[in-house]
Amino acid sequence: MKRILEILAVLPMMFLLLSCEGTDPTPGPDSGSGNDDVLTPPETVKSANVFVVDMFSTLNDDGEFFEMRAVESVAQHISAQSGKRPLIYMFDRADFTVGKSHPLNKLSYTANIFQLFAQHEPTSATVTKGTAMATQYPINVYDGIAQDGAYMSGLTISAPLTTSTPVCVYTSRVSSLDQMKQIYKAKSMKLLGDAVIVALVDNAVKADVVKFVEQTMSLRATTYGSADTKLDVLVVVPPAYVCRSIESGKTVNLPYYRVSIEKWLWE
Amino acid sequence: MKRIITLISILFASAAVMSAAEKGDTLKLMTYNLRFGELASMEQIADYISSQQPDIVALQECDWATNRTRAPHQNGVKFVNELAYHTGMFGIYGKSINYAGGYYGIGLLSRYPILRYERVLLPNDGKTEQRSMLIADIELPDGQVITFVNTHLEVKTAQMRIEQVQFINEYLKDCPNQLFLAGDMNATPDTEEMEMLRQGWTDLTDRVFTYSTSKPQIKIDYIYAKPAENVELLGTAVKEGVMLSDHFPVISTIVFTNK
C-alpha cells in the first residue's frame with residue numbers, strides 16, 4: 001500500500017517533466033533579456049511620439065542665470081514656439097533667494113505658465129541653488145528626493161503623444177557618482193516606467209555616471225557637451241524611450257539645449 | 001524701579017524666545033481662504049501676507065485665470081503666481097475643478113523651496129463640488145523635511161466631510177515626516193468630523209471665530225500638527241480686522257523639533 005502511494009505521488013511530477021520536455025525539445029538562443037534586438041528603438045522617428053524639453057544653461061555654472069539676462073527674452077522664446085511646443089523649459093542656476101521674487105515669477109505672472117524650482121543643494125536660509133522649470137501644462141504631481149546630498153525633482157505632465165501619456169520629467173545636478181547612486185536607490189522602479197531625467201552632469205564624473213546608468217540602472221544615457229564646458233547635458237531614459245537628439249540653440253543671450261525624447265515602445 | 005521691571009520682563013521674554021528657537025525650527029504657519037479674490041486685489045493680499053512674514057501659507061478659494069462674474073477685477077488672474085511674485089515666496093497650485101474658463105482650487109506659498117508636492121482629489125459623491133488637498137514636502141534650512149497639507153473640505157454635507165477626513169487620515173498614515181494640516185474645514189470645532197481630526201491631530205489654533213469677517217459667528221479655519229510631541233505652540237491668532245476676504249487669516253507660530 002505504501003509503495004502504491006509513493007508511485008501515485010511521483011506520477012504527477014513525472015508527467016510535468018515529460019510535458020516540459022515535449023514543448024521545448026531543442027535548446028536555442030534565449031529570446032528574453034539576453035537578446036539586444038528586442039529593446040532597440042527603430043531608426044525611424046515617429047514625431048507624434050516625441051516630446052521636447054529646452055534646458056537653458058551656460059554649461060559652466062558661472063552664476064545665477066538671470067543675473068545678466070532678461071526674463072522677457074524667455075517669454076519671447078516661449079511665445080515664438082510653433083508646432084509641437086516644448087513640454088518643459090528648464091533654467092539651470094535660476095537660484096531661489098528667500099524673500100526675493102524668483103526670476104521666473106515674473107514670467108509666470110505675465111504668461112500662462114506654471115513654474116517650479118528643483119533645488120540642487122540643501123535648503124539655505126538665504127540662497128538655494130537650483131533649476132527652475134516652467135510649463136504650460138497643469139501639474140498634479142511634483143516628485144522629488146533629498147537624500148544624502150542628492151537632489152532630484154520632476155513634474156508629471158500628460159504628454160500629448162499618440163496616446164496622452166503621463167510622463168515624469170526629472171531634473172538634477174549630478175556632481176558625483178554617489179549622487180546618481182542615491183537617485184537609483186530612491187527611484188529605481190519609477191525610472192523604469194514613464195519617467196525621464198534631463199539633468200546636468202559634471203564633466204569630470206560624466207563617464208562614470210553614464211556607465212552606472214547603463215550597467216546598473218539598465219537605462220539609456222545620452223550626454224551633450226564639450227571639453228571646454230564644466231557641465232554636460234545628461235538625458236536618462238527607460239527602455240521604452242529614446243533620446244533622439246540634443247541640439248544647442250540660442251535666443252538673444254540665452255543659450256539652451258533642445259532635448260527630443262521619443263516614447264517608441266508601447267505596451 | 002519700573003524701568004528695572006520692564007528690563008527684567010524683556011530679558012525673560014527674550015530668553016523664552018531664544019530657548020524655543022534653540023530647540024528647533026520656528027515656523028510661522030498661516031491659513032487663509034481668499035474668497036476668490038472678490039474683496040481685494042492680489043497686491044493687497046500679498047502686502048498683508050508679507051507684513052506677517054509667514055513661512056508657509058495655505059490658501060483656499062484660489063482662481064487660475066477664470067472669468068468670474070462676481071470678481072471681474074480678478075479675471076484672468078492666476079492667484080498663486082501673483083501672490084508668489086509679490087511676496088517673494090514659492091507658489092504651487094492645486095486645481096480642484098474647471099471653472100469659468102480657468103480653474104478653481106487651492107494654493108500654497110512657502111518661504112523655502114518645495115521638494116515635492118501632490119494634488120489629491122478628495123472623495124466626492126458626485127452631487128457636491130469636487131474638493132482637493134495639496135501635499136507638499138518642504139526641506140527646512142536645517143535639513144529637516146516637513147509635510148504640509150492644505151485642504152478645503154466640502155461645505156454642504158457633514159457626511160461628505162467625514163469621508164474626506166477619513167480619506168486624509170488614511171492617505172497620510174504612512175507619511176514619515178512631521179505633518180501639518182491647514183485649511184478651511186467648513187466645520188465648527190464641536191462637529192463629529194473635527195472631533196475625528198482631533199483624535200490624531202493636535203489643533204494649533206484657538207476658538208476665535210474665523211468666519212465671516214462682516215459678522216464673525218463660527219470657527220471653520222484650522223491648523224493641525226501630527227505628531228504633537230514634536231511641536232510646541234508659541235502662539236496663535238485669528239487676525240480679526242483683516243477684511244480682505246470673508247474669512248480672517250489664521251496664524252500659528254510653532255517650534256518644531258524632530259525628536
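Visitor: Which residue in E5(B) stands opposite A:Tyr142?

Guide: In this predicted model, the residue across from A:Tyr142 is B:Tyr117 in E5(B). A:Val141 also has a residue opposite it in E5(B), namely B:Glu118.

Visitor: What makes E7(A) and strand E5 of chain B a pair?

Guide: Two strands count as paired when at least two bridges are found between them. E7(A) and strand E5 (residues 114-121) of chain B have 2 bridges, so they meet that cut-off. The sense of the pairing is antiparallel.

Visitor: How many residues does each chain bring to the contact?

Guide: Chain A brings 27 residues and chain B brings 22 residues. On the side of chain A that touches chain B, helix H3 (103-110), strand E4 (114-119) and strand E7 (141-147) are the elements giving two or more residues. E7(A) makes the largest contribution to that side, with 5 residues. Sorted by kind, the residues of that side of chain A are 11 nonpolar, 13 polar and 3 charged.

Visitor: What other strand does E7(A) pair with, and how do you know?

Guide: E7(A) also pairs with strand E8 (residues 150-159) of chain A. Here there are 7 bridges, and the cut-off is at least two, so this is a pair as well. The two strands run in the antiparallel sense. One of the bridges joins A:Gln147 to A:Ala150 in E8(A).

Visitor: What do E7(A) and E8(A) form, and what lies between them?

Guide: They form a hairpin, with 2 residues between the strands. In that turn, A:Asp148 has a positive phi of about 45°.

Visitor: Is E7(A) mostly covered or mostly open?

Guide: Mostly covered: 5 of the 7 residues in E7(A) are buried. For chain A as a whole, 40% of the 267 residues count as buried.

Visitor: Now to chain B. Why is B:Asp221 called buried?

Guide: A residue is called buried when 20 or more other C-beta atoms lie within 10 Å of its own. B:Asp221 has 27 other C-beta atoms within 10 Å, so it is buried. B:Asp221 lies in strand E10 (residues 221-226) of chain B.

Visitor: Which residues does B:Asp221 touch, leaving out those up to four places away in sequence?

Guide: B:Asp221 touches B:Thr31, B:Asn33, B:Asp184, B:Thr210, B:His247 and B:Val250. For another view, take B:Leu39, which is 182 residues from B:Asp221 along the chain. The C-alpha atoms of these two are separated by 18 Å.

Visitor: What describes the way two packed helices sit together?

Guide: The angle between their axes and the distance between the axes. Helix H2 (residues 42-52) of chain B and helix H3 (residues 79-87) of chain B pack at about 50°, with axes 9 Å apart.

Visitor: Which residues of H2(B) and H3(B) meet?

Guide: From H2(B) come B:Met42, B:Glu43, B:Ile45, B:Ala46, B:Ile49 and B:Ser50; from H3(B) come B:Phe79, B:Glu82, B:Leu83, B:His86 and B:Thr87. By kind, this contact has 6 nonpolar, 3 polar and 2 charged residues.

Notes: Residues are numbered from 1 along each chain as its sequence is written. Chains are lettered from A and ligands numbered from 1 in the order in which they are written. This is a predicted model: local features need pLDDT of at least 70, side-chain atom pairs count only at pLDDT 80 or more; totals for chains, interfaces and linings use all residues. A residue is buried if 20 or more other C-beta atoms lie within 10 Å of its own, exposed if 12 or fewer, and partly exposed in between; C-beta atoms are placed from the backbone. Two residues are in contact if their C-beta atoms, placed from the backbone, lie within 7 Å. Helices (H or I, at least four residues) and strands (E, at least two) are DSSP runs, numbered from the N terminus. Ala, Val, Leu, Ile, Met, Phe, Trp, Tyr, Cys and Pro count as nonpolar, Asp, Glu, Lys and Arg as charged, and the others, Gly among them, as polar. Axes are lines fitted to C-alpha atoms, for helices over the stretch in contact, and angles run from 0 to 180 degrees between N-to-C directions.
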